[in-house]
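Here are my notes on this one, in the order I would go through them with the model open.

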Amino acid sequence: MNQTMQAILQPCPSSCCRPSLGHFHSQNMLRHDLTGLSGKINRVCSSKCRPSRKVDAVLDMEKDAALTEVLIERNPTSANGSALKLANGKPVCASVDSNFGTLKDQFIPNSNGSVGIEVDAVSEAELKENGFRSTRRTKLICTIGPASCEFHQLEALASGGMNVARINMCHGTREWHRNVIRNVRKLNEERGYAVAIMMDTEGSEIHMGDLGGEPSTRAEDGEIWTLTVRALEGSRPDHTIQVNYEGFTEDVHVGDELMVDGGMVRFEVVEKIGPDVMCRCTDPGLLLPRANLTFWRGGHVVRERNAMLPTISSKDWLDIDFGITEGVDLIAISFVKSAEVIKHLKSYIAARSLEGSIRVIAKIESSDSLQHLEDIIKVSDGAMVARGDLGAQILLEQVPTVQEQIVRLCRQLNKPVIVASQLLESMIEHPTPTRAEVADVSEAVKQQSDALMLSGESAMGSYPEKALSVLRTVSLRIEKWWRQTKRAHDIHLNQVSESNLERISEEICNSAAQMANTLEVDAIFVYTKQGDMASLLSRCRPVCPIFAFTPSTHVRRYLNLQWGLIPFRLDFTEDMESNLSRTFALLKARGMVKSEYCHQACSGYRMTKHSLHIPGLSSHDICDILQRRGALFVLPSGGAKGRTMKINVHNLCVVKENVVYGEMVYSVGTLALLFGCPYFTFAG
């Protein structure tokens with residue numbers, strides 16, 4: 001074989017050859033030439049493949065090269081005789097040693113140092129240090145408050161694994177929140193993070209006042225407190241709290257039990273005097289400004305006129321306008337009662353947001369939400385299990401089962417789900433969590449929730465970084481245990497797609513995840529503009545991580561909320577062959593891809609039709625190779641004309657020149673374009 005070779009910068013994704021083998025072509029031949037390879041097979045594959053599959057490995061290697069053939073044009077002026085190619089305007093240098101299979105490549109940086117691909121700094125460090133399979137799948141959210149709002153504090157949280165920063169509009173001024181948003185954006189731009197911003201509305205449920213400007217106050221057992229609807233002027237009287245609901249004194253009865261912040265503090269109503277309600281503290285605890293307030297009577301939560309309050313208050317609408325102006329990534333709506341509220345808000349955002357890119361998260365924290373749970377989640381972009389307030393409106397013993405129900409339903413409907421409230425509540429004051437709290441976090445990870453959220457622990461606690469570290473280490477440990485014991489949740493995933501095209505994408509992702517688990521690949525690569533296929537892959541919870549490449553910064557940040565996704569920002573075209581080649585080259589240049597890794601790629605983009613002419617192989621041999629490789633389409637022609645073949649990908653089969661998929665019959669070319677994958681013809 002000619003020693004002057006041209007190389008394709010793409011690992012070999014062969015099912016039987018796990019290493020990244022360089023693909024080589026004779027310089028003057030456009031087709032793949034297997035002549036002379038027999039002497040090289042043992043040296044290339046002997047340590048990598050089972051002996052019985054060595055020839056198949058090389059044949060598969062050649063087929064894979066045909067799918068992603070991007071030849072690097074030689075540059076006659078190169079001093080070392082290396083091949084040069086421009087990738088996104090930046091030269092790529094690929095040197096090929098005379099020894100078969102040795103490939104060296106490096107990047108020549110642009111003047112701005114860019115390498116054409118953006119990835120979160122923490123994810124990149126984890127990939128380099130621990131490898132693909134050791135990356136954390138569960139995402140982490142931190143509520144930002146006085147203990148974490150400065151730039152250096154945000155940077156510490158981001159470097160500790162924070163994926164989403166939450167701002168709670170119950171507390172602070174809009175100017176204060178604006179500064180937090182700008183600090184997070186600055187952090188992303190200057191430090192290379194992809195932290196998304198979620199704005200949480202206050203909601204129109206009953207809340208306490210702002211405690212006269214104090215950050216918190218403590219209620220002790222047996223103390224008498226006054227809850228009043230009067231406007232308090234000047235300094236706040238001792239043991240007096242203002243309530244924002246004018247009908248409060250009319251709705252409560254003597255003997256009712258009042259629960260503050262989901263039960264963190266409890267009072268018993270002992271007397272009503274005009275606009276004041278006198279209460280005795282029965283469970284002591286810390287009172288926070290604008291904490292939620294519910295009351296129980298006879299073992300049941302009292303709703304009455306409170307249930308008639310609008311989900312989105314006038315203040316919430318002003319806060320939503322603020323979030324749209326500042327370009328937040330997610331808006332979480334409190335105390336959602338029906339799907340109509342979410343629909344109305346999404347229409348409002350679409351009309352006012354420049355890119356319509358803000359996603360809406362429904363907070364499930366009231367008994368009203370549970371009555372319309374599936375309808376609410378269907379129209380939302382995600383859900384949050386706000387267990388604190390939810391636990392104040394349902395029986396405590398119901399909270400664990402309701403949490404699991406919501407997590408499972410969100411996965412079925414392909415919506416990210418956040419488990420929130422009191423995960424590490426003791427760490428507000430103590431540097432170490434209780435063992436029960438660790439068990440609670442572990443259970444949420446075992447349920448494969450998309451994200452876990454810190455509230456007071458990171459907003460006003462004494463140890464925000466330690467609390468985040470606990471979430472990270474527990475998540476990593478439980479995920480590792482889940483993989484080692486192969487305790488995958490093989491739950492049946494119902495079809496969520498409505499149109500034929502969406503159904504095709506869903507089937508591709510289901511098959512890709514199953515194939516990745518079977519072949520034990522190290523990562524799945526997905527190319528997506530809106531994030532839909534990445535979300536479908538995340539829904540399948542494959543064992544390996546998912547690299548989601550998108551040209552949109554907004555989509556990249558949103559994908560940072562979803563389980564198992566490592567989002568990259570990458571400009572790409574509809575030529576998926578060149579996209580794959582360029583992606584591998586860029587990742588390898590940054591030290592994120594190792595030669596022994598095996599990857600699987602899928603995309604919703606159209607790929608081209610390939611004609612393979614391989615001397616010495618019959619059409620039957622080619623069909624068998626492609627079938628083992630999981631090819632979706634094979635169009636028999638020439639020597640294979642009239643053959644009937646079944647491809648083992650769900651109910652897809654190839655019959656002569658038509659494809660039967662479900663109850664529909666398509667031409668192979670049409671269906672290949674719909675599926676966005678290659679199909680093959682055999683010449684001669």
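1. Before the strands, one definition: two strands pair if DSSP finds at least two bridges between them. With that in hand, look at β20 and strand β21 (residues 382-386), which pair in the parallel sense over four bridges. Lys363 is the residue standing opposite Met384 in β21. Strand β19 (residues 330-333) also pairs with β20 in the parallel sense, again over four bridges, and here Leu330 stands opposite Arg359.

2. Keep in mind that this is a predicted model. The mean pLDDT of the protein chain is 74, with 69% of its residues at 70 or more. Two stretches deserve a caution flag. Over residues 1-115 pLDDT stays under 50, and the model has 220 contacts beyond four places in sequence for them. Residues 625-684 also stay under 50, with 143 such contacts.

3. On to the nonpolar packing. The largest nonpolar core has 70 residues, and those with the most contacts inside it are Ile144, Met162, Ile320, Ile406, Leu424 and Leu452. Take Ile406: not counting residues up to four places away in sequence, Ile406 touches Ile364, Leu370, Leu373, Ile377, Val385 and Val417.

4. The aromatics are worth a look. The structure holds 13 aromatic pairs. One of them is Phe525 with Phe549, edge-to-face, at 5.3 Å centre to centre and 70° between the planes. Phe525 lies in strand β24 (residues 523-527) and Phe549 in strand β25 (residues 546-550), so the pair ties together parts that are 24 residues apart in sequence. Both of these Phe residues, Phe525 and Phe549, are buried.

5. Next pair: the ring centres of Phe547 and Phe568 are 5.1 Å apart and the planes are at 35°, so this pair is tilted. The pair links distant parts of the chain, with Phe547 in strand β25 and Phe568 in strand β26 (residues 565-570), 21 residues apart. Phe547 is buried at a relative accessible area of 0%, and Phe568 counts as buried at 0% too. If you zoom out, ring pairs link Phe132, Phe525, Tyr527, Phe547, Phe549, Phe568, Phe572 and Phe584 into a cluster.

6. Where does the charged end of Lys186 sit? The answer is over the ring of Phe151, 5.0 Å from its centre. Lys186 is placed in helix α5 (residues 174-191) and is partly exposed, with a relative accessible area of 37%. Lys186 and Phe151 are 35 residues apart in sequence and 8.6 Å apart in space, C-alpha to C-alpha. Leaving aside neighbours within four places in sequence, Lys186 is in contact with Phe151 and Arg191. A second case is Lys446, which lies over the face of Trp481 at 5.1 Å from the ring centre.

7. There is also an open sheet of seven strands, in the order β12-β11-β15-β14-β13-β17-β18, with mixed pairing. β12 (240-242) and β18 (300-301) stand at the edges with a single partner strand each, so one side of each is left without a neighbour in the sheet. Inside the sheet, strand β13 (residues 257-260) and strand β17 (residues 293-297) pair in the antiparallel sense over four bridges. Met259 has Thr294 as its bridge partner in β17.

8. A last stop is Thr249, in helix α6 (residues 248-251). Is Thr249 buried or exposed? Thr249 is buried, at a relative accessible area of 12%. Neighbours within four places in sequence aside, Thr249 is in contact with Val229, Lys272, Gly274, Pro275, Asp276 and Val277.

Methods
Residues are numbered from 1 along each chain as its sequence is written. This is a predicted model: local features need pLDDT of at least 70, side-chain atom pairs count only at pLDDT 80 or more; totals for chains, interfaces and linings use all residues. Side-chain values use heavy atoms; hydrogens and water are left out. Rings of Phe, Tyr and Trp (its six-membered ring) pair if their centres lie within 6.5 Å; planes under 30 degrees apart count as stacked, over 60 as edge-to-face and the rest as tilted. Helices (H or I, at least four residues) and strands (E, at least two) are DSSP runs, numbered from the N terminus. Buried means under 20% relative accessible area, exposed over 50%, partly exposed in between (1.4 Å probe, protein chains only). A charge sits over a ring if NZ of Lys or CZ of Arg is within 6 Å of the ring centre and within 35 degrees of the ring normal. pLDDT is the predictor's confidence in each residue, from 0 to 100. Contact means heavy atoms within 4.5 Å. A nonpolar core is a set of buried Ala, Val, Leu, Ile, Met, Phe, Trp, Tyr and Cys residues joined through side-chain atoms within 4.5 Å.
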